[in-house]
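Please take me through this structure in the viewer. What should I select next, and what will I find there?

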Amino acid sequence: MNRPSSPLPSALTGRLEQAASAASQHPPLSAPLHVQGVTVAYDGHPVLRSVSLAARPGELVGIVGPNGAGKTTLLRAILGTIRLDSGRVDVFGGPI
């Protein structure tokens with residue numbers, strides 16, 4: 001069964017274009033994705049506490065954990081679709 005492909009939301013497309021533009025202005029890094037000290041809380045309850053990771057070229061990164069562990073929140077933080085309470089996410093050397 002063929003599923004119709006859906007286009008990316010315009011907000012996400014804009015963020016990806018910004019990251020690509022930033023990447024073209026910076027020399028290559030050892031880690032295209034760098035997450036440093038990311039903390040996110042919902043209604044004052046921390047979901048992620050000081051999470052850091054780096055994904056280097058050629059690496060496959062898996063995120064595993066029980067329900068409610070913060071996997072989706074981490075992905076949303078990396079995509080820039082939620083506000084970080086602290087920390088930083090860089091894609092190709094530029095912030096998301």
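Here is a short tour, from the whole chain down to single side chains.

A note before you click: this is a predicted model, in which local features need pLDDT of at least 70, side-chain atom pairs count only at pLDDT 80 or more, and totals for chains, interfaces and linings use all residues. Residues are numbered from 1 along each chain as its sequence is written, and side-chain values use heavy atoms, with hydrogens and water left out.

Start with the cartoon of the protein chain. You will find 2 helices and 4 strands (DSSP runs: H or I of at least four residues for helices, E of at least two for strands, numbered from the N terminus). Along the sequence their order is α-β-β-α-β-β.

The protein chain exposes about 6900 Å² of accessible surface, 56% of it from carbon and sulfur atoms (Shrake-Rupley method, 1.4 Å probe; for residues, only the protein chains shown count as cover). Of its 96 residues, 24% are buried (under 20% relative accessible area; exposed is over 50%, partly exposed in between, with a 1.4 Å probe and protein chains only).

Now look for the 2 salt bridges (a side-chain nitrogen of Lys or Arg within 4 Å of a carboxyl oxygen of Asp or Glu). Select Arg83 and Asp85: their side chains pair at 3.0 Å, N to O. Arg83 is exposed at 63% relative accessible area, while Asp85 is partly exposed at 35%.

Finally, select Arg88 and Asp90, whose salt bridge spans 2.8 Å, N to O. Here Arg88 is partly exposed at 42%, whereas Asp90 is buried at 12%.
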